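Visitor: I'm new to this one. Could you take me slowly through a single part of it, the helix packing, and then show me what lies around it?

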Amino acid sequence: MNPKNTLDNNSVENTDSDLQEALDYLNVDKEDVEKKSKVSIKGFNGMSEKILEVNKITLEYKMTLEGKEFDSDENQYIQVSKAIAGSHFIRLSSGIINSFSETANLVSKKDIDKFNIQFIDAFLKLNNAALRDRTIGEKDMRLVLKLAKDKLCNVGDIITNNEGNMAAVIGKYEDDEEKKKLGEA
Amino acid sequence: MGLFKKKNKKVDPKKGYDKDTLQGISSKKIHIKVFRDFGNNARFLMGQYFATEKRDAYNTLVSINEAAGHNEDVDFGMDDVYREMQIVLEFKNLSKVEKLDLLDRKIARQEKIILYLNRHIELNALFNYADESVKLRDYRILKNYVNLHEEQGSYFTIENGMRVYSFVSVDSVLVPIWHNVDSYTQIPDHTRKKKINLQEEKTFLNEMKAFSRDKVIALSLTVALALVVLLFMTTVFAGYKVWNKNNDIEEKMHASAFSCAQYTAGIHTQYGSMVTDWLNEKKADRAEIEAEEVKKKPDVMADAVKSLNPIGE
């Protein structure tokens with residue numbers, strides 16, 4: 001029997017008293033819920049260093065799996081839906097993607113072939129982890145794998161041999177003049 | 001003959017199997033039966049065949065019969081649930097009633113959590129819905145298992161000294177049958193997820209292969225070679241055309257000279273023949289004249305002879 005069919009009961013109004021009852025039952029504070037349901041990305045905002053880009057990609061991946069969506073007005077991720085993968089898998093896969101954020105990866109001007117080896121290995125690890133994980137449903141399996149693949153591709157764009165890698169690691173893109181200079185470099 | 005007479009197998013009446021049967025059970029060859037479910041435990045046997053147990057790319061034990069297109073897991077996802085939950089809930093020293101009581105309480109709490117998570121989305125920040133729903137599903141599977149499971153139950157039966165695995169075909173997916181208690185579920189099993197993963201993995205590796213540097217180099221070389229061949233062919237064709245053109249031009253260039261020469265040769269031939277005719281005519285005329293002259297010419301000798309005095313006159 002699918003738990004969703006029986007327990008997806010929204011007939012009761014979403015009132016504060018009901019929420020309080022839920023909080024009491026689950027033994028959690030309302031402040032904790034408010035704090036955790038909104039994840040600010042102040043640290044990443046305005047930052048243009050490539051060194052943080054990989055971390056940002058990992059965060060995006062993690063938030064998507066947890067059911068959070070980016071709110072550009074408030075500049076934070078807000079809980080809008082249910083998680084599509086278990087916490088264990090989210091931690092594991094985020095760790096795999098985050099392993100690319102080593103500073104050495106950025107300054108070494110990684111060759112595309114070397115990156116491909118790392119990329120394939122990472123994807124296969126993710127694939128195996130997803131297979132063993134029972135929390136991911138069949139309908140979400142392809143979504144999770146494709147999401148992971150896309151994020152790894154984005155990481156590849158950053159850490160492979162691009163023009164002005166070193167400048168991008170150190171410099172900032174905040175001034176238009178500097179941006180032009182770096183673009184020319 | 002008495003020496004070679006085959007002894008009757010000693011069958012243990014308590015256990016109900018002999019030594020050969022045990023060897024058959026532990027062999028890699030197994031018997032597969034596929035049923036179609038009509039509800040109310042009415043099943044129709046769709047097919048049966050043998051299969052061999054092997055390890056696949058994921059190191060999972062699978063049964064394979066290539067001719068029948070059978071490639072299914074021997075271990076089932078539900079087994080993991082039983083094993084894990086037995087440890088997590090410390091079931092070892094509990095009686096069946098205590099186990100069921102504990103599971104009922106767990107299920108009730110889990111259902112309530114799921115209910116609250118569905119009603120208040122913000123609570124999902126603290127509780128992972130996927131984790132909680134899987135936990136609930138596991139408790140339910142385990143309750144079903146505890147309620148109906150018998151010690152002798154298994155996914156296979158033994159027939160003719162061989163393990164027989166039975167499946168029910170649901171939407172062409174083979175769902176294993178738990179024998180004795182009939183508690184198979186249609187919750188997606190490991191096999192189905194594995195097929196999705198295999199597809200994705202294959203697609204991914206093919207994509208990566210398509211973009212590999214070697215392939216790009218090989219493709220570039222092939223294109224370059226094709227271009228070189230094309231250029232060579234074009235050059236040869238152009239050369240041939242130029243050669244032909246040259247011949248045409250030369251022909252045209254020499255046409256006037258040739259006609260002139262031909263004309264000259266014609267004139268020459270005509271003039272030659274004319275001269276020859278004239279000469280011949282002249283010759284003929286001369287011959288005639290000479291003949292006439294010869295006729296007209298006085299016979300000097302005769303006259304001389306006549307004029308000569310006779311000897312003695």
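Guide: Let's start with two helices of chain A, α7(A) and α8(A), which are roughly antiparallel to each other because their axes cross at roughly 160°; angles under 35 degrees count as roughly parallel, over 145 as roughly antiparallel, 65 to 115 as roughly perpendicular and the rest as oblique. Helix α7 covers residues 112-132 and helix α8 residues 138-159, and their axes come within 10 Å. (Axes are lines fitted to C-alpha atoms, for helices over the stretch in contact, and angles run from 0 to 180 degrees between N-to-C directions.) The helices (H or I, at least four residues) and strands (E, at least two) are DSSP runs, numbered from the N terminus.

Keep in mind that this is a predicted model: local features need pLDDT of at least 70, side-chain atom pairs count only at pLDDT 80 or more, and totals for chains, interfaces and linings use all residues. Residues are numbered from 1 along each chain as its sequence is written, while chains are lettered from A and ligands numbered from 1 in the order in which they are written.

Contact here is a matter of C-beta atoms, placed from the backbone, lying within 7 Å. Sorted by class, the contact of α7(A) with α8(A) has 12 nonpolar, 2 polar and 1 charged residues. For that sorting, Ala, Val, Leu, Ile, Met, Phe, Trp, Tyr, Cys and Pro count as nonpolar, Asp, Glu, Lys and Arg as charged, and the others, Gly among them, as polar.

Helix α7(A) has another partner: helix α5 of chain A, residues 87-98, packs with it at an angle of about 175°, with the axes 10 Å apart. That makes α5(A) roughly antiparallel to α7(A). In this contact A:F89, A:L92, A:S93 and A:I96 of α5(A) meet A:A122, A:K125, A:L126, A:A129 and A:A130 of α7(A), which gives 7 nonpolar, 1 polar and 1 charged residues.

Now step back to the whole of chain A, with its 10 helices and 3 strands. The strands form an open sheet in the order β1-β3-β2, with antiparallel pairing, where pairing takes at least two DSSP bridges between two strands. At the edges sit β1 (38-40) and β2 (68-71), each pairing on one side only. Strand β1(A) is joined to β3(A), residues 76-79, by 3 bridges, and A:V39 has A:Y77 as its bridge partner. Of the 185 residues in chain A, 29% are buried (20 or more other C-beta atoms within 10 Å of a residue's own; 12 or fewer is exposed, in between is partly exposed; C-beta atoms are placed from the backbone).

Chain A also touches chain B, in a contact that takes 45 residues from chain A and 38 residues from chain B. Helices α3 (96-119), α4 (129-148) and α5 (190-210) of chain B each supply at least two residues to chain B's side.

Technical notes
Contact = placed C-beta atoms within 7 Å.
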